[in-house]
Amino acid sequence: MKVKFLVLCLYHVLILSCMAERNDIRAEKYEIDKNEDGVLDAVIHVIYRSNSKIMFSMKQGQSETRIFYYDNMERFSETDSDGDGIFEVVRVYGEDNEFDEFHRYPDGSIEPIDTNELNSKVAAENHAYQEMNNYIEEVESNIDIEKERDGPNRRTRDRRN
Ligand SMILES: [Ca+2]
């Protein structure tokens, strides 16, 4: 297993990227401290298979959401909002960010939520979902830029020593 650590400061966000490679599976970890007070605001894990994202998880406080992808499309997600280890919100995604939602109970049983509740959630969350995706894409593209910029500089410094 090959492990790399990369620390970057972007927009007052401390990001720790830990990449572990196993065959064609690659995992990245981001620790986000928005105001640099030493208290993490979020921890994100992204897992890739053959450079395709297959899982994204984000833990903020007690809340944790895991999103699963197939063919680079979000297919399934689950959320544990109170940190008790039971992911009580289960979603299955269709086209254009539409989804159906189920409630998972502690005994493992699952029940679809009310249709009116579902429709209002779909409408309300499409906007927030788009903003989050834009933010993630911006962070990911800035990491690529930082890697390209830091790579040659680091090698130059190493040659002097
Ligand atoms: Ca829970």
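Ser 50 counts as exposed, because 9 C-beta neighbours lie inside 10 Å, where exposed stands for 12 or fewer other C-beta atoms within 10 Å of a residue's own, buried for 20 or more and partly exposed for what is in between, with C-beta atoms placed from the backbone. What we are looking at is a predicted model, in which local features need pLDDT of at least 70 and side-chain atom pairs count only at pLDDT 80 or more, while totals for chains, interfaces and linings use all residues. Residues are numbered from 1 along each chain as its sequence is written.

Ser 50 sits in the loop between β4 and β5 (52-60), and its phi is positive, about 50°, although it is not a glycine. Most residues other than glycine have a negative phi. Glu 36, in the loop between β3 (25-32) and β4 (42-49), likewise has a positive phi, near 55°, and Glu 36 counts as exposed because it has 10 C-beta neighbours inside 10 Å.

Now to the strands, which, like helices, are DSSP runs numbered from the N terminus (helices H or I, at least four residues; strands E, at least two). The protein chain has 1 helix and 10 strands, and buried residues make up 4% of its 161 residues.

Strand β8 (residues 89-93) pairs in the antiparallel sense with β7 (residues 73-80) over 4 bridges, pairing being called if DSSP finds at least two bridges between two strands. With β9 (residues 99-104), β8 pairs in the antiparallel sense over 5 bridges. Val 89 is the bridge partner of Thr 79, and His 103 in β9 is the bridge partner of Val 89. Finally, β8 and β9 form a hairpin with 5 residues between them, and Asp 96 in the turn has a positive phi of about 55°.
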